[in-house]
Amino acid sequence: MSNTISNIASNIVSYEDVVRTLDDLPSLPAVVMELLNSIDQEDVDIAVLAKKVSHDQALTAKTLRLANSSLYGLQVKVTTIQQAITFLGFQTTRNLITAAALTGCFAESHCPGFHHQAFWRHSIATAACAKVLARQMRFNQDYAFTAGLLHDIGRLVLVSCFPQQYGQALAYRKAHDCYMLEAERSVLGVDHVDAGLALAEHWNFSDTMRLAIAGHHDPETPGAGFLAAIIHIANAVVHALDLVEDEDDLVPPISSVAWNALGLNEEAYLHLFRETELQYQEISMVLLS
């Protein structure tokens, strides 16, 4: 028993440790940082951003594949970022660029038990589900999509910076059949919400995104905001649908406050499940190929 305690004690990571390691992470392309930082701003020079993105050929190619997927049902094939903005709008195109950049930014980690593809499949599914939910709630779909994509980004921080310790947290979860959040706190002393907020600070995410990351497990926290409730429910729905096909998956506890705040009926939820599955397949094919 004392060995177990000393093993856990040697894995303890402080918030300061997380902050210190953030400089070692890969950085996003400068233009994507600009897009994430300006999500709350209206006065962005679209032509300048389109030009900057087009200098990154891999990012442009991935973004245009997404724009031309059946998800958006465009009647014409777009061949430039500027065209994508014209046909899909700036917010949606910004989403696609962010998604294309984020999914290619973090290298596969040497963390025992962590599946990089499964992580992104869950994040993409949550983004798709959050977008459909937001449409039903008449909330900004683009914020919802981006927040869904980023909600668990702290897990990638911990996996990238502390692979051995995180591997032990994954083993702890399996052994104790508990939620990942609980395993992280027990083994590391910090969780993926803490790490996600540290990264949000480091990368200057907008307040909108920070609040969604902070509140996605606890949307009842005062000031968490409506977007946190949307991500909270989207995350639970995706776990329940088992789109990632993770045999150890547990559906996280659902906040009745968030559930009631959305106030959807059974028909709306059936539509949500169907749409999430369709969009998830589409987006995964492009982003993870």
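Biologist: Which residues does E184 touch, not counting residues up to four places away in sequence?

Modeller: A contact here means heavy atoms within 4.5 Å. With residues up to four places away in sequence not counted, E184 touches R155, Y166, A169, G189, V190, D191 and H192.

Biologist: What kind of model is this, and how are its residues numbered?

Modeller: Residues are numbered from 1 along each chain as its sequence is written, and side-chain values use heavy atoms, with hydrogens and water left out. Local features need pLDDT of at least 70, side-chain atom pairs count only at pLDDT 80 or more, and totals for chains, interfaces and linings use all residues, as this is a predicted model.

Biologist: Is E184 buried or exposed?

Modeller: Buried means under 20% relative accessible area, exposed over 50%, and partly exposed in between, with a 1.4 Å probe and protein chains only. E184 lies in helix α12, residues 180-187. The relative accessible area of E184 is 0%, so E184 is buried.

Biologist: How many helices and strands does the protein chain have?

Modeller: Both are DSSP runs numbered from the N terminus: helices are H or I with at least four residues, strands are E with at least two. On that basis the protein chain has 17 helices and 0 strands.

Biologist: What is the radius of gyration of the protein chain?

Modeller: The radius is taken over C-alpha atoms, and the globule rule is 2.2 Å times the number of residues to the power 0.38. For 289 residues that rule gives 19 Å, and the chain is close to it, so the chain is as compact as a globular protein of that length. The C-alpha trace spans about 65 × 45 × 35 Å along its principal axes. The radius of gyration is 19 Å.

Biologist: How many disulfides does the structure hold?

Modeller: A disulfide is counted when a pair of cysteine sulfur atoms lies within 2.5 Å. C111 is buried at a relative accessible area of 5%, and its sulfur is 12 Å from the closest cysteine sulfur, in C161, which is too far for a bond. C178 is in no disulfide either, with the sulfur of C111 the nearest at 15 Å. The number of disulfides is 0.

Biologist: What is the relative accessible area of C178?

Modeller: C178 counts as buried, and its relative accessible area is 6%.
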